[in-house]
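Colleague: Could you take me through how the labels in this model were decided? I would like to set each one against its cut-off.

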Amino acid sequence: MARTPIFSKIGIIGAGVSGIAAAKQLRHHDPIVFEGSETIGGVWSHCSYRSTKLQSARLDYEFTDFPWPGAEREESSFPSHLEVLDYLNSYARHFDILKCVRFNSKVVGLRYLAGKTSEEPADLRATPPEEYGSLLSGHPVWEVAVQTNNSDDIQLYNFEFVVVCIGRYGDVARMPEFPEKKGPEIFGGKVLHTIDYCKLDKDATSDLIKDKKVSVIGFKKSAIDLALECALQNQGPEGKPCTMVVRTLHWTVPHYWIWGLPFFLFYSTRSAQFLHERPNQSILRVLLCSLFSPLMRQAVSKFIESYLLKKLPLEKYGLKPEHPFVEDYASCQMALMPEKFFPEADKGKIVFKKASNWWFWEKGIEFEDKSKIEADVVVLATGYDGKKKLKAIIPEPFRSLLDYPSGLIPLYRGTIHPLIPNMGFVGYVESISNLHSSELRSIWLSRLVDKKFKLPAVSTMLERTLKEVEVMKRTTRFYKRNCISTYSINHSDEICEEMGWNAWRKKTWLSEAFSPYRSQDYFN
């Protein structure tokens with residue numbers, strides 16, 4: 001049963017990293033933040049194993065105006081997910097963000113209130129509006145339906161502007177499809193997705209995997225961490241090996257040093273990113289990128305690959321990817337390999353099976369080459385369906401426009417969909433440091449809401465998002481991950497310039513050229 005709508009200016013959906021960043025920057029408008037769980041933190045709270053750690057140092061994962069505590073900040077070790085959660089909670093308490101959050105409040109749908117509701121997506125594509133319009137129009141534009149504490153009652157809220165921060169990970173598992181009568185239903189063991197595994201406590205995970213034949217499907221970070229957990233739980237003569245079923249190989253790094261050089265020199269400085277194509281570049285840069293940069297980019301990628309092949313036994317286990325390293329970096333898929341992973345493989349506690357197609361049989365998994373393995377437990381580390389999660393709450397005609405016209409959600413400055421009115425998105429375009437990019441976009445969004453600058457024409461915004469997608473397509477075959485890592489500094493430059501800030505943030509030309517950009521550089 002729905003109740004009388006409550007009106008407020010701004011609603012924010014999700015209290016993960018992006019949600020609390022947006023809430024902090026918009027807190028002068030008293031936003032209401034809806035969080036479906038009982039805690040903030042997003043994937044750090046709900047999609048982490050006990051062994052999950054940050055993939056970067058603390059210095060590369062902090063808010064501009066809230067550094068990690070002094071002694072901790074200088075540590076070179078990577079913080080655990082519990083330390084990250086503690087940092088996020090400290091940030092929320094310090095800036096009094098928690099008062100804005102409605103916990104155990106799940107958004108189940110949105111309804112567009114302003115203007116025509118009968119337009120077809122084709123109409124909006126053929127004749128888009130000339131201007132985007134004011135974000136705070138003085139009247140409700142979106143109705144948000146919220147279910148609290150899993151009750152049957154639905155509370156309605158009306159907002160002038162809505163910021164969607166539910167992210168691309170967690171909540172909705174991406175599940176493999178199987179031939180008829182070859183799915184989990186015929187398997188005699190247990191099948192679960194990593195999203196379910198994350199919900200288990202220490203004793204439950206031990207009972208699930210200890211002395212069991214476990215198969216992990218996947219070879220990205222969550223699969224690698226899980227396989228290592230299984231191996232460590234199965235030490236001794238009774239312990240069973242964990243089998244990783246690998247379809248697509250990706251490059252991993254043991255640490256952030258390459259042949260004695262810090263990793264940031266290759267991709268995270270202004271001079272390094274000069275070698276990479278970026279949107280809206282000058283004719284001179286287009287010429288340089290076409291003539292010289294491909295050779296330099298290839299040389300850098302080969303240089304890094306040579307170190308990884310020497311440092312890690314990738315060829316020994318048939319784990320060398322066929323694509324160049326830069327394609328994984330450009331799609332934000334580079335993972336940090338746990339120190340104990342390959343020693344456990346050397347002991348036979350982790351084994352690998354490469355296969356493009358597989359399905360279940362009564363006692364385990366069967367592959368396209370007719371080989372079979374037995375299993376007691378199969379864990380699907382197959383990722384999440386962020387687009388499905390988003391489409392579940394966005395109504396038509398806007399749902400059909402989410403991935404128009406390129407197959408990716410076209411977000412101007414990573415935040416505004418030119419064809420969806422009075423709605424922002426934070427946390428959907430990835431970078432190497434999602435916390436930093438979410439905060440900077442939230443600052444930009446707050447200034448846009450406050451009319452400190454004006455958006456360009458809708459057609460201009462669409463054109464620029466298409467150029468970004470074309471750059472991604474030319475950079476990596478995994479472009480659908482919507483990652484800007486190879487031109488992240490340029491992306492931040494354009495955001496700064498639009499806000500009226502100086503884009504070059506360093507104190508000297510030398511540091512501007514060769515130092516990595518971090519959140520602290522954008523403290524204003």
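Colleague: Why does Cys47 count as buried?

Modeller: Happy to start there. Buried means under 20% relative accessible area, exposed over 50% and partly exposed in between, with a 1.4 Å probe and protein chains only. Cys47 has 18% relative accessibility, so Cys47 counts as buried. Do keep in mind that this is a predicted model, where local features need pLDDT of at least 70, side-chain atom pairs count only at pLDDT 80 or more, and totals for chains, interfaces and linings use all residues. Residues are numbered from 1 along each chain as its sequence is written, and side-chain values use heavy atoms, with hydrogens and water left out.

Colleague: What keeps Cys47 from a bond with the closest cysteine sulfur?

Modeller: A disulfide is a pair of cysteine sulfur atoms within 2.5 Å. The closest sulfur to that of Cys47 belongs to Cys198 and is 5.6 Å away, which is too far for a bond. Cys198 is buried too, because its relative accessible area is 14%.

Colleague: Which cysteines do form a disulfide?

Modeller: Cys332 and Cys483 do, with their sulfur atoms 2.0 Å apart, and the structure holds one disulfide. These two cysteines sit in distant parts of the chain, 151 residues apart.

Colleague: Why is the disulfide of Cys332 and Cys483 called right-handed?

Modeller: The torsion about its S-S bond is about 65 degrees, so the disulfide is right-handed. As for burial, Cys332 has 14% relative accessibility and so counts as buried; Cys483, at 4%, is buried as well.

Colleague: What makes α18 largely enclosed by the rest of the structure?

Modeller: Ten of its twelve residues are buried, so α18 is largely enclosed. Helices (H or I, at least four residues) and strands (E, at least two) are DSSP runs, numbered from the N terminus. The buried residues of α18, including Ile489, His491 and Met499, pack against α10, α16 and α17; contact means heavy atoms within 4.5 Å.
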